[in-house]
Amino acid sequence: MDQASFPVVGVVIAVVSSFINGSTFVLQKKGILRARKSGGTYLTDCVWWCGTLAMIVGQIGNFLAYNVAPAVVVTPLGALGVLFGAVLASWLLQEHLNLIGKLGCALCCCGSVVLIIHSPKNENVTSRAELEERLMDPVFLVYISVVVLLLIVLIGWLSPAHGKSNIMVYVGICSLLGSFTVPSSKGLGLAAQEAFSGTPTSDSRALFLFLVLLGILVVSILIQFTFINKALESFSSNMFEAIYYVTFTSCVILASAILFREWTALGIVDCFGILCGFITVSVGVALLRISQESKFSWSQTKAKKD
């Protein structure tokens, strides 16, 4: 296969992965509802496991796509998963967004694509030594400390008190964990090059870094997985997926920009593009929240009449 065909293959894999990823939350939500109806646990429901398997396959597909096509081409295609998830949810779950919700979902997708296109992409870390230097950077350490503090507040205080009534609590937890998962994934590749190269020079230190990053990645994914299912127990899958896609993407862009110092390569046009993208997704999230609140008020009014 020649080099010219690589972007085409990457785009095809990314599109297929986006559709698979778009089905994950819907299938998991369907499994949760089936288990709730039967009085059992969703861990024994086959539909929920199909959604979980789809999540794994979709992430593997994303990994392959990023290795055969530029990230600036692959990442915006993730918005297709949000739109597909909304269509699938209306069919399988009868979760129909009103006009405000549909507009909010569209703005979230469009704004995220703009953010991704104009986000910094100059990842100039090519060795384990450079990665260790960046991890010890004071700016990055302050950022990670703030993220950890926010996660402690969200998980320890806000989640038990307001998680089931405010979708942003669970979304915030899952998205902030992206500050660990994606940089850890990128760092694992650099650490593995030296850890398993077969040369005795820096193997022990590289192996230690590899194991630490792997541990952080596994713990972050498990916590994300737990709170994603908590969110799906209380909120519609299409609304959660749209807001989660926006906030997760934003957190990943910010964490990568700080860790890899990508912000130094930003120009005026990119800064303006990021600002416009952020305003667009903010309006989209606000419309989705208004849609959720209006739907909740309508259901309460109907219940009182009945």
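Colleague: In which helix is the place of Ser179?

Modeller: This is a predicted model, in which local features need pLDDT of at least 70, side-chain atom pairs count only at pLDDT 80 or more, and totals for chains, interfaces and linings use all residues. Residues are numbered from 1 along each chain as its sequence is written, and side-chain values use heavy atoms, with hydrogens and water left out. Helices (DSSP runs of H or I, at least four residues) and strands (DSSP runs of E, at least two residues) are numbered from the N terminus. The place of Ser179 is in helix H9.

Colleague: Is Ser179 buried or exposed?

Modeller: Buried means under 20% relative accessible area, exposed means over 50%, and partly exposed is in between, using a 1.4 Å probe and protein chains only. The relative accessibility of Ser179 is 2%, so Ser179 counts as buried.

Colleague: With which side chain does Ser179 make a polar contact of 2.9 Å?

Modeller: Contact means heavy atoms within 4.5 Å. Beyond its neighbours within four places in sequence, Ser179 is in contact with Ile144, Val147, Cys251 and Ala255, as well as with the residue you ask about. A polar contact is a pair of N or O atoms within 3.5 Å; within protein, one must be able to donate a hydrogen and the other to accept it, and residues adjacent in sequence count only if both atoms are side-chain atoms. At 2.9 Å, the side chain of Ser179 is joined in this way to that of Tyr143.

Colleague: How do the axes of H8 and H9 lie to each other, roughly parallel or roughly antiparallel?

Modeller: Axes are lines fitted to C-alpha atoms, for helices over the stretch in contact, and angles run from 0 to 180 degrees between N-to-C directions. Angles under 35 degrees count as roughly parallel, over 145 as roughly antiparallel, 65 to 115 as roughly perpendicular and the rest as oblique. H8 and helix H9 (residues 178-195) pack at about 20 degrees, with axes 5 Å apart. That angle makes the pair roughly parallel.

Colleague: Into which classes do the residues of the contact of H8 with H9 divide?

Modeller: The contact is made by Cys174, Ser175 and Leu176 of H8, and by Gly178, Ser179 and Phe180 of H9. Ala, Val, Leu, Ile, Met, Phe, Trp, Tyr, Cys and Pro count as nonpolar, Asp, Glu, Lys and Arg as charged, and the others, Gly among them, as polar. By class, the contact of H8 with H9 has no charged residues, three polar and three nonpolar.

Colleague: How many of the ten residues of H8 are buried?

Modeller: The buried residues of H8 include Ile167, Val169, Tyr170 and Val171. Helix H8 (residues 167-176) is mostly covered, and its count of buried residues is nine.

Colleague: At the start of H8, which backbone nitrogen does a side-chain oxygen of Asn166 reach?

Modeller: The oxygen belongs to the side chain of Asn166, at the start of H8. At a distance within 3.0 Å, that oxygen reaches the backbone nitrogen of Met168.

Colleague: How do H4 and H5 lie, roughly parallel or roughly antiparallel?

Modeller: Helix H4 (residues 79-92) and helix H5 (residues 99-118) pack at about 170 degrees, with axes 9 Å apart. That angle makes H4 and H5 roughly antiparallel.

Colleague: How many nonpolar residues has the contact of H4 with H5?

Modeller: On the H4 side are Ala79, Val82 and Leu83, and on the H5 side are Cys105, Cys109 and Val113. No polar and no charged residues are found there, and the nonpolar count is six.

Colleague: Which side chain is joined to Arg34 by a polar contact?

Modeller: Arg34 lies in helix H1 (residues 6-38). Its relative accessibility is 37%, so Arg34 counts as partly exposed. Not counting residues up to four places away in sequence, Arg34 touches Cys46 and Val47, among others. The polar contact, of 2.9 Å, joins its side chain to that of Asp45.

Colleague: Which helix of the chain has the highest confidence?

Modeller: The predictor's confidence in each residue, pLDDT, runs from 0 to 100. The chain has a mean pLDDT of 79, and 82% of its residues reach 70 or more. Confidence is lowest in helix H3 (residues 71-74), at a mean of 61, while the highest mean, 93, belongs to helix H7.

Colleague: What share of the residues in the chain is buried?

Modeller: The secondary structure comes to twelve helices and zero strands. Of the 306 residues in the chain, the buried share is 44%.
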